[in-house]
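Subject: Structure handover

Hello,

Here is the structure you are taking over, followed by notes on what was found in it. Please read the notes with the structure open beside them.

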Amino acid sequence: MAESDPLLSGARGGSGRDCRAGLPACRGVLVGPGAKAGWDLCFDQAVVFIEDAIQYRSINHRMDARSMWLYRWYYSDTCQWILSFIIFSILSLAFIETPSSFTSTSDVRYRMAPWNPPCGLTEGIEVCCLLVFVADLSVKSYLVGWVQFRKNLWLLGYLLVLIVSLTDWTVSLSLVCQEPLRIRRLLRPFFLLQNSSMMKKTLKCIRWSLPEMASVVLLLALHLCVFTMLGMLLFTGEKQDDGQDRERLTYFRNLPEALTSLLVLLTTANNPDVMVPAYSKNRAYAVFFIVFTLIGSLFLMNLLTAIIYNQFRGYLMKSLQASLFRKRLGTRAAYEVLSSTAEGDGQPQGVGVKPQDLLQVLQKVQMDSTYKQAIMEKVRSYGDSLLSADEFQKIFNELDKRMTKEQHPPRPQYQSPFLQSAQFLFGHLYFDYLGNLIVLANLVSICAFLVIDADVVPRNRDDFVLGILNCVFVLYYLVEMLLKVFALGLSGYLSYPSNVFDGLVTVILLVLELSTLAVYRFPHPGWKPEMQGLLSLWDMLRLANMLIVFRFLRIVPSMKLMAVVASTILDLIKNMRAFGGILVVVYYVFAIIGINLFRGVIVVPPGNGSLAPDNGSLACGSYEQLEYWANNFDDFAAALVTLWNVMVVNNWQVFLDAYRRYSGPWSKIYFVLWWLVSSVIWVNLFLALILENFLHKWDRRGHLQSVSGDLETTYEMSTVELLFRDILEEPAEEELVEKLKRHPHVQLCR
């Protein structure tokens, strides 16, 4: 189909709008020899527009037949999985590259020399990944066109990152992999960011929220500076008692030390240690620290959380409003394309879309089968009457819902009255309750033996009673599973997720129990055989007991309110992918920076091959006295764990002090920046989304739907986009039409 043909003529519907020429068409030939090709192009364009709407994608891309084939192939599951695997591969190189993380421990006292890959191994994998990204950028650039490419900052950034990465890769090979700094390592997380639209939205919302966050952070800084000066004046004087002097020497020796001490106190990590020297001499000194903590930790930090929640929620809503507009624009574009076929078939002008055409399009659309079935049933309900724009839009509102009613196959039919009674008994809800009580009894027995044998080493324990109980309980679990299969049928049993989990754990327990009996025989008094095979008797019993503890989770679906909380947590995990991706990016960048700054700075003192010669001579609470040697930046995995420990802020003053001594006072800037980004900004954003999700879940309507026993099919929100659906505004008709008129590759005006 020639790109000079218009998609929809300007005379359509007599609207009088001026439409640009020179764009691809589907309506140019709806009669004559090329009619079938014109119809096929219309249907293919409608398919692409609907898929764009489902995925919240922009419709501003090429719409000729060849480009649409490439577009659908690019966004196919196979292609996207390959691209995701490539992104995962290039990010994972950080664990293999020099310095590699292939050691059993990161403790500098015990760590052996790691295996480092030869020059060219990881570089070869990396260049393959970069070439895939070059192909990815080429496809995206072609599909959106040169004009859109120049306006898209993400694509321009993609091009710049690839140029820098390939240049840096060339430098690495020319220096035989001995270069001191690899800039491209810092740029790798960009590949993860640019491939996720939700991560882009989240990043944009964070950027928009930064000014409001900065105002509270500045207020925190002012609060910190004021109390630092007060502390310096309070604990330095001509006449000092022993408490004042110890406080000054330990925490207020100079301005940087005082700032650090109070900054850590802001996170309560060094409370009450920081005030003990002075407070032990005079209780009045406690007022200074209490007031500082009260204002900083309880007021300002919580105020920051509230501001972040409010501002981020507002900006996220703006971003999601744009996503809703994209979705409505995609479905409206599909309506415009399909309604043109109705005109070409001799129907009155501007009357709508034939349901048969829409059904034919839906057959080609890649979407969840449940949604597709629901939408197609709704389309069939209109019969042969043409669909208006509003009706067409309402049909796709099914995408805003998720079916929560579980569909279960019918139970098997038994002729015998005895079997029917048994089926009723073992398929009843009370039989589940009995199983829950048995699991609880099993768990109580395990806890009792753990308490009784707490002070007995494993090799001296008599596991006769515990072994007998495990055999009995596992036998009951097997019988219970078989009886449920009898009552519900195999397909009916497997239709319940709780039964799948229950059955899987039961099968594993049965295999483990049979293996135990085969290796160590049946339990008997004084049952303490020698270890045989890979696992000792105690290890096998311990593994079985851990599985039994997991099996106790079967009670969750039986308790309605607990089930609501559990489903909320599962939805949070699904909706946190964008936030998790942002966290991965931040961790990755800070870990690479940390490796370049602090690799090798933590060294064991001479003569300290294992433990410190006199641990009591070291300062209490210091890095060396606490034996934090494994927390370092000598490889990527160790850097990630160290950053995690600092983010939790428990004892993070130990890291501040250690790296100040080993590398210099400037190291505090790195750790304070990490604390601001991770603990202050990201954790509060994480909390904001958790609050919003829980508030939505516990909304009266959603709560009643979740816990009611109504047999009708209910729906609930399932994604971040749909989380705010009730408060988002529907785009106006004029906005949609105006946007369609400005499509760079097709004419969709009426």
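A residue is called buried when its relative accessible area is under 20%, exposed when it is over 50%, and partly exposed in between. By that rule Thr 516 is buried, because its relative accessibility is 3%. Thr 516 sits in helix α20, which covers residues 497-520. Its C-alpha atom is 9.6 Å from that of Gly 467, a residue 49 positions away in sequence.

Please keep in mind that this is a predicted model. The average pLDDT of the protein chain is 79, and 78% of the residues score at least 70. Residues 1-25 have a pLDDT below 50, and this stretch makes 69 contacts in the model beyond near neighbours in sequence. Residues 700-718 also have a pLDDT below 50, with 40 contacts counted in that way. Where pLDDT is low, the predicted coordinates should not be read in detail.

The chain as a whole

The protein chain has 29 helices and 0 strands. Of its 750 residues, 46% are buried. The chain exposes about 37400 Å², and carbon and sulfur atoms supply 65% of that area. Among contacts with a separation of 6 or more, 74% are between residues 24 or more positions apart.

The disulfide

The structure holds 1 disulfide. It joins Cys 119 to Cys 177, with an S to S distance of 2.0 Å. The two cysteines belong to distant parts of the chain, 58 residues apart: Cys 119 is in the loop between α3 and α4, and Cys 177 is in the loop between α5 (153-174) and α6 (183-187). A disulfide is a covalent bond between the sulfur atoms of two cysteines. The torsion about the S-S bond of Cys 119 and Cys 177 is about 70°, so this disulfide is right-handed. Cys 119 is partly exposed, because its relative accessibility is 42%, whereas Cys 177 is buried at 16%. As for other cysteines, Cys 79 is buried at 13% relative accessibility, and Cys 225 is partly exposed at 38%.

The loop between α3 and α4

Pro 117 also lies in the loop between α3 (77-96) and α4 (121-151). Pro 117 counts as buried because its relative accessible area is 11%. Leaving aside neighbours within four places in sequence, Pro 117 is in contact with Ile 96, Glu 97, Thr 98 and Thr 122. The C-alpha atoms of Pro 117 and Pro 99 are separated by 9.2 Å, with the two residues 18 apart along the chain.

Salt bridges

There are 27 salt bridges in the whole structure. Side chains of opposite charge can pair when their charged atoms come close. One of the pairs is Glu 97 with Arg 182, at 3.7 Å from N to O. This pair links distant parts of the chain, 85 residues apart: Glu 97 is in the loop between α3 and α4, and Arg 182 is in the loop between α5 and α6. Both Glu 97 and Arg 182 are buried.

Another salt bridge joins Arg 188 and Glu 126, at 3.0 Å from N to O. Here Arg 188 is in the loop between α6 and α7 (189-194), while Glu 126 is in helix α4, 62 residues apart. Arg 188 and Glu 126 are both buried.

Which residues are linked in a network of salt bridges? They are Glu 97, Glu 123, Glu 126, Asp 168, Glu 179, Arg 182, Arg 184, Arg 185 and Arg 188.

Elsewhere, Asp 357 forms a salt bridge with Lys 354, the closest N and O atoms being 3.9 Å apart. Asp 357 and Lys 354 are both buried.

Asp 136 is found in helix α4. Its relative accessible area is 4%, so Asp 136 is buried. Apart from neighbours within four places in sequence, Asp 136 is in contact with Tyr 74, Leu 83, Tyr 158 and Gln 194.

Regards

Note on methods:
Residues are numbered from 1 along each chain as its sequence is written. This is a predicted model: local features need pLDDT of at least 70, side-chain atom pairs count only at pLDDT 80 or more; totals for chains, interfaces and linings use all residues. Side-chain values use heavy atoms; hydrogens and water are left out. Helices (H or I, at least four residues) and strands (E, at least two) are DSSP runs, numbered from the N terminus. Buried means under 20% relative accessible area, exposed over 50%, partly exposed in between (1.4 Å probe, protein chains only). Contact means heavy atoms within 4.5 Å. pLDDT is the predictor's confidence in each residue, from 0 to 100. A disulfide is a pair of cysteine sulfur atoms within 2.5 Å. A salt bridge is a side-chain nitrogen of Lys or Arg within 4 Å of a carboxyl oxygen of Asp or Glu. Accessible areas come from the Shrake-Rupley method with a 1.4 Å probe; for residues, only the protein chains shown count as cover.
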